[in-house]
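Welcome, and please take a moment to look over the sequence and the 3D structure.

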Amino acid sequence: ERDPIVHYWALMGYQMRGKPAVDGSHDALMATLKDPSPAVRIAAARALAEFGGEADAQAALKLLLAHADWSKNDVFTAMAALDALTALGDKAAPIAAQIKTLPDKGPAPDARYKEYIPRLLEELHERFK
């Protein structure tokens, strides 16, 4: 059986190698948007949003937005998606209005995690004023 951690780091390798790697594995990356692991889906979406075509970016941003919703995902999934959106910079601009509607409160296994999402959202809100 495939290990999601190995798959995640393989996807990070595509991200680090940029457009040529993403273009060369386009179909596999698109299929990975449906992977059982949220971390794997988020890594694939970030690579596609940054280096893919317009349709790829739209699909990837939609996925990242859905995963960034703390009311529907655990704190770690929401943090990973928000971190990806932050890293995308202006490439996340098409969903700026939806980002502003994301909740900044939600459940966490420990209170120390509750500060991260509001900070990430604040940074994104400042970027897209």
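Contact here means heavy atoms within 4.5 Å. This is a predicted model, in which local features need pLDDT of at least 70, side-chain atom pairs count only at pLDDT 80 or more, and totals for chains, interfaces and linings use all residues. Residues are numbered from 1 along each chain as its sequence is written, and side-chain values use heavy atoms, with hydrogens and water left out.

Let us begin with His7, which lies in helix α1; helices are DSSP runs (H or I, at least four residues), numbered from the N terminus. Leaving aside neighbours within four places in sequence, His7 is in contact with Arg2, Thr32, Asp35 and Val40. His7 counts as buried because its relative accessibility is 19%, where buried means under 20% relative accessible area, exposed over 50% and partly exposed in between, with a 1.4 Å probe and protein chains only. Tyr113, by comparison, is 106 residues from His7 in sequence and 25 Å away in space, C-alpha to C-alpha.

Now step back to α1 as a whole, residues 4–17. At 1.5 Å a residue, its 14 residues should span 20 Å, and its end C-alpha atoms are 20 Å apart, which agrees; the expected span is 1.5 Å times one less than the number of residues. His7, Leu11, Met12, Gly13 and Gln15 are buried in α1, and the buried residues of this helix pack against α3 (26–32) and α4 (38–51).

From α4 we can move on to α6. The axes of α4 and α6 come within 10 Å and cross at roughly 10°, so these two helices are roughly parallel to each other (angles under 35 degrees count as roughly parallel, over 145 as roughly antiparallel, 65 to 115 as roughly perpendicular and the rest as oblique). On the α4 side, Pro38, Ile42, Arg46, Ala49 and Glu50 make the contact, and on the α6 side Thr77, Ala80, Ala81, Ala84, Ala87 and Leu88 do.

Helix α6 (residues 75–88) also meets helix α8 (residues 116–127): their axes come within 10 Å and cross at roughly 25°. That makes α6 roughly parallel to α8 as well. Val75, Ala78, Met79, Leu82, Asp83, Leu85 and Thr86 of α6 meet Tyr116, Ile117, Leu120, Leu121, Glu123, Leu124 and Arg127 of α8.

Notes
Axes fitted to C-alpha atoms, helices over the stretch in contact; angles between N-to-C directions.
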